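This briefing covers one residue first, then the ligand site, then the fold as a whole. Keep the structure open while reading.

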Amino acid sequence: MLNLGDRVETQAAPKTTQPTFDIIGLTVEFPTITGTPTIAIRNLDLRIERGEIFGLVGESGAGKTTLARTLLRLPPEPGRIAAGALVFEGNNLMPLPEAELQRMRGRDISMIVPNPRSELNPLLTVGEQIANVARVHLKVPKREAQRLALDILRAVQIPDPERRMQAFPHEMSGGMAQRIVIAIALICSPKFIVSDDATSGLDVTVQAQILRLLRQLAQDRASSMLFITRDIGITAHFCDRVAVIYNGEIMEIAAREDFFFRPSHPYTIMLMAAFSYNQRLRQLWARPEPHAGATIGATACPYFARCPLAQPRCRTDRPALRELAPGHSVRCHFPVAR
Ligand SMILES: Nc1ncnc2c1ncn2[C@@H]1O[C@H](COP(=O)(O)OP(=O)(O)OP(=O)(O)O)[C@@H](O)[C@H]1O
Ligand SMILES: [Mg+2]
């Protein structure tokens with residue numbers, strides 16, 4: 001999977017003064033019965049540049065979905081945004097009225113999720129569903145909306161699109177239904193797309209086709225994308241920059257080449273080893289058992305209990321994210337040098 005040789009050629013994200021999304025000091029928490037909330041996203045800073053595809057990787061429970069939904073100011077219930085700013089195209093979304101955000105969702109920022117069938121209305125044809133989005137958000141008449149729907153069905157490479165406009169979701173395969181969900185997400189040419197594990201339910205060849213398509217459509221429409229996955233290998237082919245999230249915090253962030261050729265955080269290396277075909281590497285970096293009896297206090301590195309390279313300092317001194325090289329930052333006192 002970690003083969004950079006056959007990657008899709010990417011254009012470096014153009015640097016502009018204003019990123020598409022600037023997430024500043026974001027904290028999202030879930031209330032618990034004990035009264036002490038669970039922190040799902042902790043004081044997170046992240047800038048997503050215009051036109052870039054940004055990969056976010058992390059294991060189950062790391063906070064990926066919470067972050068994805070929070071970018072639309074819709075953290076999963078009963079979560080709440082405890083702190084931070086979400087600056088989209090220069091405007092902070094936090095103080096905006098809910099009605100304004102509803103207008104933006106699906107038009108300026110859209111989200112692609114797995115399980116396309118649960119996203120689609122079983123009672124409406126796919127053509128109607130796509131056209132409705134265009135009518136509501138772009139305020140175009142019915143005929144124009146239908147024309148746009150047909151165009152986007154062609155763009156997502158649905159065979160025989162005129163006929164498929166009349167089909168119901170249950171008449172489609174999983175891969176085709178996922179293309180419909182992508183069509184709905186892209187019809188308004190949003191400036192920002194969040195894809196949360198959107199291809200995980202598909203078989204590998206369909207997944208590769210859909211990723212290529214998504215990348216092409218994002219490029220054609222100059223959209224930026226936050227691409228979330230548990231599979232670190234996918235990001236090697238698909239993303240311009242990559243970050244690893246663990247326990248609601250970014251552990252490492254770098255441009256793709258630096259990330260894959262010079263991974264520095266022990267956790268990043270462990271994730272890569274888990275997806276590698278190299279037996280020796282896998283054994284060396286097997287997911288370690290938590291250190292016996294290790295209790296992680298607020299002062300310890302969040303990865304302390306599982307880190308094979310942990311030192312006494314890691315228990316008492318919580319590391320900050322620090323820059324190792326331009327654009328390459330890591331939250332570790334003892335990054336692995338290459
Ligand atoms: N509805 C909820 N109620 C309470 N806590 C939640 C809820 N959703 C998420 N959490 C908490 O937030 C953390 C992050 O969950 P999240 O769903 O964002 O993880 P994820 O990275 O998307 O995982 P997965 O890869 O399994 O989708 C969880 O570990 C859990 O503690
Ligand atoms: Mg998730």
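Ala-68 touches Met-111, Val-194, Asp-196 and Ile-228, leaving aside residues up to four places away in sequence; contact means heavy atoms within 4.5 Å. Ala-68 is buried, with a relative accessible area of 0%. The model is predicted: local features need pLDDT of at least 70, side-chain atom pairs count only at pLDDT 80 or more, and totals for chains, interfaces and linings use all residues. Residues are numbered from 1 along each chain as its sequence is written, chains are lettered from A and ligands numbered from 1 in the order in which they are written, and side-chain values use heavy atoms, with hydrogens and water left out.

**Ala-68**
- Ala-68 sits in helix H1; helices are DSSP runs (H or I, at least four residues) and strands likewise (E, at least two), numbered from the N terminus.
- Buried stands for under 20% relative accessible area, exposed for over 50%, and partly exposed for values in between (1.4 Å probe, protein chains only).
- Leu-56 is twelve residues from Ala-68 along the chain, and their C-alpha atoms are 10.0 Å apart.

**Ligand 1**
- The shell around ligand 1 holds 14 residues, and Ser-60, Gly-61, Lys-64, Thr-65 and Thr-66 are the closest; a residue is near if one of its heavy atoms lies within 4 Å.
- Ser-60 places a polar side-chain atom 2.4 Å from an oxygen atom of ligand 1; a polar contact with the ligand is a pair of N or O atoms within 3.5 Å.
- A polar backbone atom of Ala-62 lies 3.2 Å from an oxygen atom of ligand 1.
- A nitrogen atom of ligand 1 is 2.9 Å from a backbone N or O atom of Glu-77.
- Taken alone, ligand 1 exposes 630 Å², and the protein buries 65% of that; accessible areas come from the Shrake-Rupley method with a 1.4 Å probe.
- Strand E2 (38-48) and helix H1 (64-71) each give two or more residues to the shell.
- H1 supplies the largest share, three residues.

**Whole protein**
- The protein has 13 helices and twelve strands.
- Its radius of gyration (over C-alpha atoms) is 21 Å, close to the 20 Å that the globule rule gives for 338 residues, so the protein is as compact as a globular protein of that length. That rule is 2.2 Å times the number of residues to the power 0.38.
- Of the 338 residues, 53% count as buried.

Key:
A polar contact is a pair of N or O atoms within 3.5 Å; within protein, one must be able to donate a hydrogen and the other to accept it, and residues adjacent in sequence count only if both atoms are side-chain atoms.
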